[in-house]
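Please look through the sequence and the 3D structure shown here before reading the report that follows.

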Amino acid sequence: MKLHSQHLLLPACALFILATCLSCNKYSPDEPFPPVYTPSIFTGSNNKIVYSIDPNTGETKWKTPVDGEVHATPVLFNNSLWVGTTLGTLYQMDYKTGSILNTKKFAGPIEGTPLPFNGNLLVPAGQNLLYMNIGDLND
């Protein structure tokens, strides 16, 4: 990992933890899921499929094939599910249906979780932490 990338990774992780903690005090402990999203567990796998699972029943709501293995946690951001693959593709998906809305190809594998930051995403691709304007996907 490049020295410059290491210096960005630690603050990015700290921001993610802080944002997660700050968002939690808006919800009651009796309501484990934010009301804007349907209760779902999102996960990727080594079989190149992203899954949405109902946490109450364990049933698969939907599954969507992608171009590579998914090692990082999918992220809900801006009413979309963001998923990175080991082949360097970032997917923007409809979190309700699993439909692929957009993709963006990066030079290195995305093995870390994309981090929402200041209305955009920080994407750990290869040995770099890249800042991506989500509006770039529509260009």
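Phe77 is buried, its relative accessible area being 14%, where buried means under 20% relative accessible area, exposed over 50% and partly exposed in between, with a 1.4 Å probe and protein chains only. Trp82 is buried as well, with a relative accessible area of 1%.

## Basis of the model

This is a predicted model, in which local features need pLDDT of at least 70 and side-chain atom pairs count only at pLDDT 80 or more, while totals for chains, interfaces and linings use all residues. Residues are numbered from 1 along each chain as its sequence is written, and side-chain values use heavy atoms, with hydrogens and water left out.

## Overall make-up

The protein chain has 1 helix and 10 strands; helices (H or I, at least four residues) and strands (E, at least two) are DSSP runs, numbered from the N terminus. Of the 139 residues in the protein chain, 36% are buried.

Strand β6 (residues 89-93) pairs with strand β7 (residues 100-105) in the antiparallel sense over 5 bridges, and two strands pair if DSSP finds at least two bridges between them. Thr89 has Lys105 in β7 as its bridge partner. The two strands form a hairpin with 6 residues between them, and Gly98 in the turn has a positive phi of about 85°.
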